[in-house]
Amino acid sequence: MAKLHVSTTINGEPAEFLCEPNDTMLDALRGPLGLTGSKEGCASGDCGACSITLDDRLVCSCLMLAAEAEGRQVRTIEGMAQGEKLHPLQQKFLEMAALQCGICTPGMLVASEALLRKNPRPSEQEVRFWLAGNLCRCTGYDKIVRAVLETASEMREAAQ
Amino acid sequence: MTDIRYLAPRTLDEAISAFAAAGSAARIMAGGTDLLVQMRSGAVRPGLIVDIKKIAEMTAIEETADGGFRVGAAVSGAELAEHPRFGKVWPGVLEAVNLIGSKQVQGRASAGGNLCNASPAGDSVPAMVAAGAVVTVHGPDGRREMPVEKVPAGPGRANLRSGEILVSFTLPPRPPGSGDAYLRMIPRTEMDIAVVGCGVSLTLVGGVCTAARVGLGAVAPTVLLVEEAAKPLIGSKFDDAAVSAAATACSAACRPIDDKRGTSAYRTKIVGVLLKRTVAIAVRRAGGN
């Protein structure tokens, strides 16, 4: 069976790749596309380490077929910083040490960014529920939640 | 090498002919949150995957002329939550759909997939049963409708004929004084599978219950419509005796298994507790006390 040819947009840039019909988007990102920021933790949609957005909707790339990217807008952790300039969430995660081993961090950042786009003023409870699908075995979550809340606050001030 | 094919047709007719032609080796994919996990584990090895999300009818949410709703089988939980009216009319159905998985899973998972995956513990199903939803299925022999509670046949099995695809759910018009709710028992607050699930939909006139439906999950091989639990509620003002009789009827309807999530005895007991709590929420939403 011939491979499928997929034309898509990744982080705002046109991209093309070949995939098997049963390859996941995570397979395509980490394989032919060479974008290894998205991590494979569980491969079953439980851990959130492979989080991306598809047409601005937060999804697990391990639960999406690569072929589904045809004609869609995909955003990954690689598109979060503007060149050398980190996204405010990335900067705050560093400042507040909201990570340890780092495996969950790309997914945490992509999911948090999706939250703040939808809700610039989340409560602590809203942050915790939103990130319930992102597992972290190092931090105990507290520093991550505080970093997201602090970023939200600073982004609101900057927008004024 | 794989000999698997992926199709994303734009019309239902294309989807049905491809699905029917491929026979038992084919799988329908809505959000894929169950299918891709089953493929990954080797439990399912489809020869053909038919992605139904490019078919307009499958992804639409419409208010029907009589004031009901038609929800496409592939509408994601996130899309349903963003609809301006659906959650106001059917808060119990919405909360049940939105309990499935994380935000990431909600971006993909659908009520249609949840129903056809036919887990006895699927969260959206008891709420849809309570709501009196009717599903439309379309196959090589045309279109038919059936009550949602007729779809599950057993764990992992649905009462769909060869080549048939679940197209949409139709929820009936809502009389004034109606409310619905869904609660599930899990040992944590998020991201878990129901030990027991309970959906209730009620209509009140002057504080008296005029209509009630109860759906139960994870207490039998399929989700159950429990008419015996609705009977003591109808005509009552939700006094303790009526609600206790409904709870007892729920326990009597249970045919649960022992598994890692709970014992049969625990499920049978807790289902009555859950019924009482769910009724209280539905009554409050219906404008009772």
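## A hairpin in chain B

β4(B) and β5(B) form a hairpin with five residues between them. In its turn, B:Gly67 has a positive phi of about 95 degrees. Strands and helices here are DSSP runs numbered from the N terminus: E with at least two residues for strands, H or I with at least four for helices. This is a predicted model, in which local features need pLDDT of at least 70 and side-chain atom pairs count only at pLDDT 80 or more, while totals for chains, interfaces and linings use all residues. Residues are numbered from 1 along each chain as its sequence is written, with chains lettered from A and ligands numbered from 1 in the order in which they are written.

How many bridges join β4 (residues 61–63) and β5 (residues 69–72) of chain B? The two strands pair in the antiparallel sense over three bridges; strands count as paired if DSSP finds at least two bridges between them. B:Ile61 stands opposite B:Val71 in β5(B). β5(B) also pairs with strand β10 (residues 165–171) of chain B, in the antiparallel sense and over four bridges. Here B:Arg70 faces B:Thr170 in β10(B), standing opposite that residue.

## The sheet of chain A

Now to chain A. Five of its strands form an open sheet with mixed pairing, in the order β2-β1-β5-β3-β4. β2 (13–19) and β4 (57–60) of chain A stand at the edges with a single partner strand each, so one side of each has no neighbour in the sheet. On average, and with direction ignored, neighbouring strands of this sheet are turned by 40 degrees against each other.

Inside the order, β3 (residues 51–54) and β5 (residues 73–75) of chain A pair in the antiparallel sense over two bridges. A:Leu54 stands opposite A:Val74 in β5(A). Helix α3 (residues 105–118) of chain A packs on the sheet, touching β3 and β4 of chain A. The direction of α3 makes about 40 degrees with that of β3(A). Such axes are lines fitted to C-alpha atoms, for helices over the stretch in contact, and angles run from 0 to 180 degrees between N-to-C directions.

## Two domains in chain A

Chain A is divided into domain 1 (4–79) and domain 2 (88–159), with bounds that come from an automatic or database domain assignment. Their centres, taken over C-alpha atoms, are separated by 22 Å. Across the boundary, 14 residues of domain 1 of chain A are in contact with eleven residues of domain 2 of chain A; contact means that the C-beta atoms, placed from the backbone, lie within 7 Å. β3(A) gives the largest share of the domain 1 side, three residues.

## Where the chains meet

24 residues of chain B are in contact with 25 residues of chain A. On the chain B side, β1 (5–7), α2 (35–41), β3 (48–51) and α6 (103–106) each supply at least two residues. Which element gives the largest share of this side? The answer is α2(B), with four residues.

## A helix pair in chain B

The axes of α10 (residues 240–253) and α11 (residues 264–285) of chain B come within 8 Å and cross at roughly 140 degrees. Among the residues that make the contact are B:Val243 and B:Ala246 of α10(B) and B:Leu275 and B:Val279 of α11(B).

Note on methods
Two residues are in contact if their C-beta atoms, placed from the backbone, lie within 7 Å.
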